[in-house]
Amino acid sequence: MEVDALSQGLYFSAAQAAASEAAKRSKQKEEAEKAARTKKNVFSSAIERTQAEFRLKQEGLPPQIAGMSTEEAVVFLKDAADLAAEKLKACQLPENFADYRQKVSQFMKYIVKNNYTVKQQKHTGLNSRGCKFEPYTQVKMINAKLDEMAQWLLHTHSDTLQMLAKIDEINGLLVDLMAT
């Protein structure tokens with residue numbers, strides 16, 4: 001009996017050791033697969049971020065807003081416009097003028113891009129003249145907060161924008177003067 005108990009104890013301990021070793025290998029394999037997926041995810045997310053930055057640059061928006069939520073991007077663009085306005089008010093240099101103009105333009109582009117959707121609906125059939133119907137165009141506001149923020153920015157920067165309009169008017173007069 002002692003031999004049977006001893007052999008059973010050895011069998012169970014060997015089986016337990018084998019199961020433990022198999023669990024270790026399985027865990028190591030899972031960790032290796034997870035590390036490989038993480039590397040792939042890091043690489044693919046870096047590619048996606050680069051593509052987003054390139055797309056934003058093509059649209060005339062700063063690449064820094066890639067990956068930001070809409071609210072974060074709007075705050076970033078508004079702050080950039082505010083800083084540029086303060087610089088322009090402090091010192092009316094052509095570089096400051098161009099920078100402010102660019103920042104306001106970027107802010108407005110982002111608002112227009114993310115605040116409205118344009119939907120076209122086509123109609124089948126012909127009108128009373130026998131021509132095809134023109135498609136209906138519907139503009140929907142997505143985010144009223146963005147619209148309010150754009151109005152606020154234009155209102156608070158109205159003095160600077162009026163100054164920019166005057167500078168543009170003077171530049172236009174100078175060009176007309178040079179042309180004659």
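Guide: Among the contacts between residues at least 6 apart in sequence, 54% join residues at least 24 apart. Please keep in mind that this is a predicted model. The chain has five helices and two strands, and from the N terminus on these elements follow the order α-α-α-β-β-α-α. Of its 180 residues, 18% count as buried. The accessible surface comes to about 13,900 Å², and carbon and sulfur atoms hold 58% of that surface.

Now to the part you asked for. Two packed helices are described by the angle between their axes and the distance between the axes. Here the pair is helix 2, residues 70–90, and helix 3, residues 94–115; their axes lie 8 Å apart and meet at an angle of about 160 degrees. Since angles over 145 degrees count as roughly antiparallel, that makes helix 2 roughly antiparallel to helix 3. The crossing of helix 2 past helix 3 is left-handed.

Which residues make the contact? On the helix 2 side they are Thr70, Ala73, Val74, Leu77, Lys78, Ala80, Ala81, Ala84, Ala85, Lys87 and Leu88. Facing them from helix 3 are Asn96, Phe97, Asp99, Tyr100, Lys103, Val104, Gln106, Phe107, Tyr110 and Ile111. Sorted by class, this contact of helix 2 with helix 3 has 14 nonpolar, three polar and four charged residues.

Glutamine 106 has a relative accessible area of 7%, so it counts as buried. Leaving out residues up to four places away in sequence, glutamine 106 touches Leu77, and also Gly60, Leu61 and Pro62.

Threonine 160 sits in helix 5, residues 158–179, and because its relative accessibility is 2%, threonine 160 counts as buried. Setting aside neighbours within four places in sequence, threonine 160 is in contact with Leu88, Lys89 and Tyr100. Threonine 160 and tyrosine 100 are 60 residues apart in sequence, yet 9.2 Å separates their C-alpha atoms.

For a last stop, look at helix 1, which covers residues 2–58 and includes alanine 52. With 16% relative accessibility, alanine 52 counts as buried, because the cut-off is under 20%. The C-alpha atoms of alanine 52 and isoleucine 65 are 9.2 Å apart, and the two residues are 13 positions apart along the chain.

Notes:
Residues numbered from 1 in each chain as written. Predicted model: local features only at pLDDT ≥ 70, side-chain atom pairs only at ≥ 80, totals over all residues. Heavy atoms only, no water. Axes fitted to C-alpha atoms, helices over the stretch in contact; angles between N-to-C directions. Helix = DSSP H or I, 4+ residues; strand = E, 2+ residues; numbered from the N terminus. Parallel < 35°, antiparallel > 145°, perpendicular 65-115°, else oblique. Left-handed = near helix turned anticlockwise from the far one by under 90°. Contact = heavy atoms within 4.5 Å. Nonpolar A, V, L, I, M, F, W, Y, C, P; charged D, E, K, R; others polar. Buried < 20%, exposed > 50% of the residue type's maximum accessible area, 1.4 Å probe, protein only. Areas by Shrake-Rupley, 256 points an atom, 1.4 Å probe, with all protein chains shown as cover.
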